[in-house]
Amino acid sequence: MMKPNAPRIRMPSTAKIGDIIQIKTKIRHPMETGWRKGGDGQTVPRDRITRFTCTFEGKEVVSADYDSGIASDPYLMFHAKVTGTGVYTFKWEADGEKIMTTSVPLTITNA
Amino acid sequence: MIIEPMEEYRLSRRQVLVLGGVALATTAIFGLTPFNAKASPKEARAKLAELAKGAELQKGRINITLPKLTQDGSRTRIKFAVDSPMTEQDYVKSVHILAERNTVPNVGTYHFTPLSGKAEITTRIRIVKSQTIIVAAEMSDGSIYYAKARCNVARGAGGCG
């Protein structure tokens, strides 16, 4: 069983140069807007992921700024152009300077 | 007598009118205060104009996949694909999702680079009530394109249909 807060990444482990690969990411997070009232009548404090970044060897692939309209447990599917062997790093920045990161390596099958 | 005559409990015409008036006044004070959805299409349009930075807003180049009707507005799948070669010279810089009638129209902004390969995203958004979703794409040459999609919500993210 995976850890409750571990981000999930689904992407191919091998690819050819020039391919466009599909990357699916999902992370568990309540994405509280800070407007909702809980069962006790108190306003639930804001707790949101505000930024997501995917980098390949230090170069940005896709990034996103999240506002209130993003659903809880943010799911994101995007694409990346394969330029070589390397590591894709995924980073989520949440309120309270909480940062969650994970990385997945990709190897090239044709030189 | 156990059963008393009904006439004694009847309200007079004046009492009925007074009660009706009180009910109306209560509704006016408490019932019609706005609950969750504060944004208006006007606000979304203003945001769109702000993004354009004076450039002409053009329709097209964006394909949105959004269900026409959703049971659960708190997580609705949306997919957009922007038609672009995604080369160093010509690529999509960023894409904004705006929801006209959400509490705040900004939903999310996605930034692309030539390394993205494709300007295509699938994600899940909150839709407070039935409304039009706008997707606007800023290109690397400064031009801006937009597309709209309508989504009817059976049960909104705000808790009130």
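Strands here are DSSP runs of at least two residues, numbered from the N terminus. I keep that in mind for the loops below. The model is predicted.

**Entry 1: B:Met86**

I looked up B:Met86 and placed it in the loop between strand E4 (76-82) and strand E5 (92-99) of chain B. Its phi is near 55°, a positive value in a residue other than glycine. I noted this because most residues other than glycine have a negative phi. Is B:Met86 buried or exposed? I find 21 other C-beta atoms within 10 Å, so B:Met86 is buried; the cut-off is 20 or more.

**Entry 2: A:Glu57**

Next I turned to chain A. A:Glu57 is not a glycine, yet it has a positive phi of about 50°. I located A:Glu57 in the loop between strand E4 (49-56) and strand E5 (59-66) of chain A. I counted 13 C-beta neighbours inside 10 Å, so A:Glu57 is partly exposed. Exposed would need 12 or fewer.

**Entry 3: B:Ala99**

Back to chain B. I checked B:Ala99, which lies in strand E5 of chain B. B:Ala99 has 31 C-beta neighbours inside 10 Å and therefore counts as buried.

I then followed the pair B:Ala99 and B:Ile127. They are 28 residues apart along the chain. Their C-alpha atoms are separated by 7.3 Å.

Note on methods. Residues numbered from 1 in each chain as written. Chains lettered and ligands numbered in written order. Predicted model: local features only at pLDDT ≥ 70, side-chain atom pairs only at ≥ 80, totals over all residues. Helix = DSSP H or I, 4+ residues; strand = E, 2+ residues; numbered from the N terminus.
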